[in-house]
Amino acid sequence: MLSRSRTLTTNKLAFFFHKPIKVDPSQSLFPPLQALFSTHIVGEKPVLVRDFIRSALYDPEHGYFSQRSGSVGVLESSIKFNQIAGRKAYMKHLDKIYKQSDISWFTPVELFKPWYAHGIAEAIMRTANLSVPLKIYEIGGGSGTCAKGIMDYIMLNAPERVYNNMTYVSVEISPSLAQIQKETVGQVRSHSSKFRVECRDAAERSGWGHGEQQPCWVIMLEVLDNLPHDLIYSENQVSPWMEVWVEKQNDRETLSELYKPLEDPLITQCIEIMEWEKDHTQSSGKLRSIWSKVFPRPRRCWLPTGCMKLLEVLHGKLPKMSLIASDFSFLPDVKIPGERAPLVSTKKDGRSKDYSSYLEAKGDADIFFPTDFLLLERIDHYCSGWLKMLKDKSSKQGKKRRTIILDSSSFMEEFGLPTKTRTKDGYNPLLDDFKNTKFYLSVPTHNTQ
């Protein structure tokens, strides 16, 4: 089963685009949009797609996450899986919870609390150097359920000195969620002195101050999917990529796309990493050229530039960090065109609606992307400096990071307690329902010779 927090639609969308560099609303794939909040994102000058998405999600006044703490669900109590008959009963129970709460989605760490967080804590405990004080950063901590679960586990299972000397820092961009996190973790009095929330954008270098030179852990659960992405466009298989910008039309209400030659350094770097291992032989180039003339087809590709910017900052400020990230590796039934395209969805009165254009996001819609974990691994190596070294053919330095990509079920079978999320008939939603999610683990190594 492919997991998603809401009902899926099955409509498919063709994505043939018109040739003009400047897209006229009457010719565009996207219908004319009477944007409410969206037109406030775009001023008199065009903006890159990543800036449009960042504002739609995180604008302090109108952004989806900034103003909607209710977009992230909080269960009043843990689900007692051993009292549920099986899959049908579980789905019925889940449907009831969603209808009662009328929130957009529950994260896995919430649905499977405390066991999901306990699995992450166990992974940290097995790998961390416990001779130095344990320091954990969580980016986008939601309701604080993960932080509390990890601290609970360490308090109960680690040597007393490890818990007493630990520090847990949540870096949260949403003021409303930051407050909820404090309340959640504060349910255990001894946690409060070890936990703090820094309300800021983790991708802004200045917010990290002098950084942290000691070993530390960074946790990102369902963060990568909501990071700003850029969009690039090409007229056919051999035409060069162009940046996509968003601008207002003359009516000042309708938004459309504008294509420009590549200039943005983040986009350029991301394309370089994405195409690192592609075959650029002369024969393959000729084949693409012939194919493009016979079957010309526009290309659209979404780039995780927000992820790359964040990892550049983290590697620069936390050079000895170990990283645990979890997210969707695939999203079914995506309406929006392009490689690694997002789902754009809003929920009202218990019903979800998927949009066919990212331009329809007005601060009331979630925008979330699948994560290409192999590309994430390459970006991680690039930001650590290793891929840059490879440009120097004389360099024989080894990888700076040890990395592994695991299915969520494999991760939880290794580090978690799967028996705790098993129903009476043996069905286990933690292992069986999250086939389209993965974990990425990355730790520093001294193997650079």
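A: Helix 10 (residues 265–274) packs against helix 12 (residues 305–317) at an angle of about 95°, and their axes lie 10 Å apart. Helices here are DSSP runs of H or I, at least four residues long, and strands are runs of E, at least two long, numbered from the N terminus. Axes are lines fitted to C-alpha atoms, for helices over the stretch in contact; angles run from 0 to 180 degrees between N-to-C directions. Helix 10 is therefore roughly perpendicular to helix 12, a label that covers 65 to 115 degrees.

Which residues meet? Helix 10 brings Leu266, Ile267, Gln269, Cys270 and Ile273. Helix 12 answers with Thr305, Met308, Lys309 and Glu312. A contact means heavy atoms within 4.5 Å. The residues of this contact divide into five nonpolar, two polar and two charged. Ala, Val, Leu, Ile, Met, Phe, Trp, Tyr, Cys and Pro count as nonpolar; Asp, Glu, Lys and Arg as charged; the others, Gly among them, as polar.

Now for confidence. This is a predicted model: local features need pLDDT of at least 70, side-chain atom pairs count only at pLDDT 80 or more, and totals for chains, interfaces and linings use all residues. Residues are numbered from 1 along each chain as its sequence is written, and side-chain values use heavy atoms, without hydrogens and water. pLDDT is the predictor's confidence in each residue, from 0 to 100. The chain averages 84, and 80% of the residues score at least 70. Over residues 4–39 the pLDDT is below 50. Residues 279–283 also stay under 50. Where pLDDT is low, the predicted coordinates should not be read in detail.

Key
Parallel < 35°, antiparallel > 145°, perpendicular 65-115°, else oblique.
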